[in-house]
Amino acid sequence: MSSTFLNKELPIILIFVTGVIMIVSYFVSAPEIYLDPLAGNLSQAASLIAAYATILGIVTLAIIHVNHIIKRTKGQWYYSIIVLALALLMIVVGFIGELGTHPYFIWLYQYPLIALDTTIYSLLAFYIVSAAFRAFKVRSVEALILVVSGIFVMLMNAPVGAAIWSGFPVIGNWVMTVPNTSGFRGFIIGAAIGAIAIGLRVLLGKEKGVLGRS
Amino acid sequence: MAISTDPSVWVAALLTIMAYTIIYKDNPLYKLAEHILVGLSAGYLFIQTWKMIYNSSLLPLFNGSGLLFGGITLVLGVLLFTKFSKKYFWLSNISIAVLVGTATGLTVRGYLFAQLIEQVKASIKVVTALQPLDIFNSVLSLIMVVCTLAYFLFTFEQKGALGWIAKFGRYTMMAAFGAAYGGTVMTRLTIFIQRMQYLLFTWLGLA
Amino acid sequence: MSTLEKVEKIDRRIVYLVLIIVVAAVLLRPIGLPIPISSSTKKYYDAINSLPPGSVVALGVDFDAGALPELGPMLEATLKQLFASDKKFVIFSLWGGGPAVSTIYLNKLKGLIESSGKKYGEDYVLLPYIAGGETAAAALAKDFKNTVKNDYYGTPVDQIPLLKNLNTAKDFALLITITAGTPGVEEYLRQWVSPFGIKFIVGALGVSAPNYMPYYTSGQIYGMIQGLRGAAEYELLVGSPSIAVSSMDALSAGHIVTIVFILLGNAVFLLRKYSRKEVKS
């Protein structure tokens, strides 16, 4: 097989064949040609490839930090030692006994990891409140609609809304079930049409960008 | 007031305070907290992902229960790592092709039924058996969906009747974004409140 | 700089301090506002209750640490309702953090599990993380047992009684996902609900719930817990008010602070705009 075939044509053929198997298996049950088991195995294989890709991502992250340490990147290399040391600690502890079940592994997740992850996510609360005061200016009809619907939904979500006036949750619920639903439904329908169109282009090999360098 | 004597709680509380120092200004303590999180997260995800690979791909290969499947998935997985080679990087496209083709086939059929057909059906459903307000809401909803879709019609110039329809669609989307903003505020405040509860109650024992 | 200008350009750290003080004050001195139950949360609760005895529920714990504050209470209350019921369930995850989160809550509810008499392997099972998102959801729906091979503790699936007859999504009576985003609701809709017609209920973040409303109003999602407010309602329905209920007053306070700042910011903006117009004229 020429390297051009392996490099260019084979991936496009694979995309087409695997995609068609998945689509056809949805509509047709053909046990005599092992279509159902093949479709099942393909889904599982694709999941495993995604898992290997995750490992690849973690290895790439490690290489980046090792490079920082080797090059003594100013203001970064000592942090990179921390990253690698803790990743290694988590992996070593994770391999004790059955993978990922040791109490120390769960401890590392439950205390340091959860504390840091939730705290860093919670910083957005400050930025939202600050932006509400400094940036959320009603300069147009669109902005006014956005602010008004946002306020009604907030007063629906918070019990204080119902305590102030029973109408707040009613209007908030209407905002959620009518304009909000309609707006996002329009997005969903549009996105579905777009996704189907792009998907067909990918299956027919028209979207070269889905593969890496060739 | 009974401050916690549990070292685990102290670890979590001190790391929380370290991360919160960014509120005042950017500083090395926050950067340290960030990098601790990156390290722990990477290690954790490695273990969970390796567990899946070992159980579903390698173990069947080693114990003979799934030689073909285990062998093929191992080869496809290892081919991904050729990305690091200047000469053989293109081999990884074979694995990516299997993943992309399978996922695309699944999403194309999934989007068609679950998201296109079902949502169009829901848009044109007019409630006839219930209150006049429900009928009004159904009709209004249908109009809003059509107007939202019309906003994204760039094939024709948006003027005249189409201009008004697209404008109403834009207003509908603004209402949807406002609702999303309201939900975002709840989510972010929730996470902050939970950290406050941890510091005030679990760590400092104030209640 | 005029007073209005000074107010408009106020140091953001003062805004942060106001938020911290108000929330801390309400946490230390709760008000006890009533929490009305919404219909979407009631439907989530009823969906589990209405299942025939012995039904097997698929519980997708599809979030990690960052979403724990909002989704953790939902998961805890769901587990409490399931352990108190005559249903069986299988926990799996499309997110890496799912198994650790599930383990934390199963450890937390050890006492409840023992008093319920439910046995691991016969009444409930914890499965490992499955990578791939859409492909993982499809693989589980089509060939459940062969996709995972072992449970989280390494026991082969053919040695687990509960998993014996679970081959496809059709073998489950109900699909629950408590999810922080993608993969989650839409992947399950495409690969479980649409092809297999399984009943589907969702525990969603407050930020995601508006996006899922089209699916809820179309009936594809039967019941939905929306954010921490929904979690508090659900805790009350399950009869076990816990962290979500105790957070509601602080949530109200935080929302009022946000709304006040929006209105104040716009008031200052409009006053400055009109005072500049007056100066010009």
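**Exercise 1.** How many residues does the contact take from chain B and from chain A?

*Solution.* Start with the kind of model: this is a predicted one, in which local features need pLDDT of at least 70, side-chain atom pairs count only at pLDDT 80 or more, and totals for chains, interfaces and linings use all residues. Residues are numbered from 1 along each chain as its sequence is written, while chains are lettered from A and ligands numbered from 1 in the order in which they are written.

Step 1. Two residues are in contact if their C-beta atoms, placed from the backbone, lie within 7 Å.
Step 2. On that basis, 98 residues come from chain B and 101 residues from chain A.
Step 3. Sort the side of chain B that touches chain A by class: 60 residues are nonpolar, 32 polar and six charged. Here Ala, Val, Leu, Ile, Met, Phe, Trp, Tyr, Cys and Pro count as nonpolar, Asp, Glu, Lys and Arg as charged, and the others, Gly among them, as polar.

**Exercise 2.** Which helix of chain A gives the largest share of the side that touches chain C?

*Solution.*
Step 1. This contact takes 47 residues from chain A and 52 residues from chain C.
Step 2. Elements that give two or more residues to the side of chain A include helix 2 (35–71) and helix 7 (167–203). Helices (H or I, at least four residues) and strands (E, at least two) are DSSP runs, numbered from the N terminus.
Step 3. Helix 4 of chain A gives the largest share, 15 residues.
Step 4. By class, the side of chain A has 28 nonpolar, 14 polar and five charged residues.

**Exercise 3.** In what order do the six strands of the open sheet in chain C stand?

*Solution.*
Step 1. Two strands pair if DSSP finds at least two bridges between them.
Step 2. The order in chain C is 3-2-1-4-5-6, with parallel pairing.
Step 3. Strand 3 (124–129) and strand 6 (223–226) of chain C each have a single partner strand, so one side of each is left without a neighbour in the sheet.
Step 4. Take one pair: four bridges join strand 2 (residues 88–93) of chain C to strand 3 of chain C. Ile91(C) stands opposite Leu126(C) in strand 3.

**Exercise 4.** What average pLDDT does chain C have?

*Solution.*
Step 1. pLDDT is the predictor's confidence in each residue, from 0 to 100.
Step 2. Chain C averages 94, and 98% of the residues score at least 70.
Step 3. For the complex, the predictor gives an ipTM of 0.92 and a pTM of 0.93.
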